[in-house]
Amino acid sequence: SVSIVLFTSDLRVHDHPPLRAALRASSEVVPLFVRDTGIASAGYAAPNREAFLADCLGDLDTALRACGGRLVVRSGDVADAVAGVAAETGADAVHMAGGVSAYAQRREERLRNVLEGQGRRLVVHDSVVTAVAPGAVTPASSDHFAVFTPYFRHWSEQRLRDVLAAPRAIRVPDGVATEGTPSRARVSGTSPGLAAGGERAGRKQLTAWLRRGVAGYEDGHDDLPGDATSRLSPHLHFGTLSPVELVHRARGAGGPGADAFVRQLAWRDFHHQVLAARPAAAAHDYRTRHDRWRSERAAARDIEAWREGRTGYPVIDAAMRQLSHEGWMHNRGRLLTASFLTKTLYVDWRVGARHFLDLLVDGDIANNQLNWQWMAGTGTDSRPNRVLNPVTQAKRYDPDGAYVRRWVPELAGLAGAAVHEPWKQPGPERAKYAYPDPIVELAEGLERFRRARGLD
Ligand code: FAD
């Protein structure tokens, strides 16, 4: 018999339950990736992710070829494409990973309908895209956890499945046409410092991280210049690394750094289970604060300055420039820039989330939209009205100013923490730096926000 494995956000051969199940069930397997036109027309395709994806598909094809198989790539509507390959090969089942977004949920439903209409089965596997499946742990009174701490307690008590080895041999039926894997070089408009994708790169990075990085994670994860986080987020987004395997291996490494790292992996699962239960939260307030955000037109100049990294607040500008240069930003930078846009500038979180999704190589509906909502105070944060002060935070997390000097070279001549407040330089000194004055006074922004939220 023939089975199809439909790859989506799980572009790997290690620890892959759908692949394992298909190989158990059938003598021949079609590893299939559909370049889904639905994703592009939903406005979700972005050059950085397209380029990283190209790496991932090339690498997946190589890994499959090493065990006698290959990757079949098709373009088009995902349900039509899968149904087409199923009809061509006479497959009796399609195996895939469960997804969480509204799009993924609709895709699954459409695939089920189309395939069942043809007398075939769709088998959806859990714990592929997340370590713990959304809905696997729930509080007594709801279909999902809205608070992280109790979620984490239950999450930690879950027994994770064992890690699955990569397959040794795959037989693909003869004659299945493929478009071939796309090339990264063909994608234009990518960030110059974009990381390389693919499972091999991800596994190497993970091994190095567990050997040398994770032990310092608890103390170092907020250190902006130290850059001491794993940078595994794009690999988790594209599934070139398995979250189940990551949790097992980090626990195996042990120690406070590994514990803190596993806790962050649980945050990822947390946001996924919120989105799975409330897919509308990708576009609508999870909890409304009755915000009447400044209109995009009225705030156009502020939004532009924020996007381009010339707000006059060095740490904000450094982080925004890191984003455009690398397609990635440090978590502390994400928190600061999101607080600045939504609270200090009082601009709708969707404007910021959109910009992040346009650039982030790890841009992810669950993590991005729900972290934006967290920072905007419309999400699951229990302190929805806190505003992060970019100067105080910069002095704490970039005490010597090295992060700012790395990304804002105009200010490279300012030593130490003075770089965080260039406006304090005496007139003639200040004039030496081709760097803008702050676009808003922090006190003014804070007051506008507090008034808008009815806090005064
Ligand atoms: P590490 O610190 O090494 O953490 C390990 C992994 O844990 C990460 O790779 C990630 O998968 C997960 N993780 C860590 N923090 C979080 C978190 N707060 N929420 C969910 N998962 C987390 N993360 C994305 O993967 N995609 C996004 O689109 C995204 N958008 C964000 C937008 C905003 C406004 C904020 C505040 C955070 C966002 N994050 C997003 C979460 C976090 O910033 C990144 O996951 C992290 O910076 C990635 O770097 P790392 O892999 O070195 O993380």
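Two residues are taken to be in contact if their C-beta atoms, placed from the backbone, lie within 7 Å. The model shown in these views is a predicted one.

**View 1. Helices H4 and H5 meet in a right-handed crossing.** In this predicted model, the axes of helix H4, residues 78-89, and helix H5, residues 102-117, come within 9 Å and cross at roughly 35 degrees. On the H4 side the contact is made by Val78, Ala79, Val82, Ala83 and Ala86, which meet Arg107, Arg110, Leu111, Val114 and Leu115 of H5. By class, the residues of this contact comprise 8 nonpolar and 2 charged, with no polar residue among them.

**View 2. The largest nonpolar core contains 121 residues.** The members that touch the most other members of this core are Ile4, Val30, Leu32, Val82, Val94, Leu275 and Val404. Helix H11, which spans residues 256-277, gives the most to the core, contributing 9 residues. Val82 also belongs to the H4 side of the contact with H5.

**View 3. Val404 and its contacts.** When neighbours within four places in sequence are left aside, Val404 is in contact with Pro314, Val315, Ala318, Ala394, Asp398, Leu411, Val419 and His420.

**View 4. The shell around the ligand holds 27 residues.** Those that come nearest to the ligand are Thr229, Ser230, Ser233, Asn368 and Asn371. At least two residues of the shell are supplied by each of helix H9 (233-238), H11, helix H14 (331-344) and helix H16 (365-376). Divided by class, the shell has 12 polar, 10 nonpolar and 5 charged residues.

Methods: Residues are numbered from 1 along each chain as its sequence is written. This is a predicted model: local features need pLDDT of at least 70, side-chain atom pairs count only at pLDDT 80 or more; totals for chains, interfaces and linings use all residues. Axes are lines fitted to C-alpha atoms, for helices over the stretch in contact, and angles run from 0 to 180 degrees between N-to-C directions. Helices (H or I, at least four residues) and strands (E, at least two) are DSSP runs, numbered from the N terminus. A crossing is left-handed if the near helix is turned anticlockwise from the far one by less than a right angle, and right-handed if clockwise. Ala, Val, Leu, Ile, Met, Phe, Trp, Tyr, Cys and Pro count as nonpolar, Asp, Glu, Lys and Arg as charged, and the others, Gly among them, as polar. A nonpolar core is a set of buried Ala, Val, Leu, Ile, Met, Phe, Trp, Tyr and Cys residues joined through C-beta atoms within 7 Å. A residue is buried if 20 or more other C-beta atoms lie within 10 Å of its own, exposed if 12 or fewer, and partly exposed in between; C-beta atoms are placed from the backbone. A residue is near a molecule or strand if its C-beta atom, placed from the backbone, lies within 6 Å of it.
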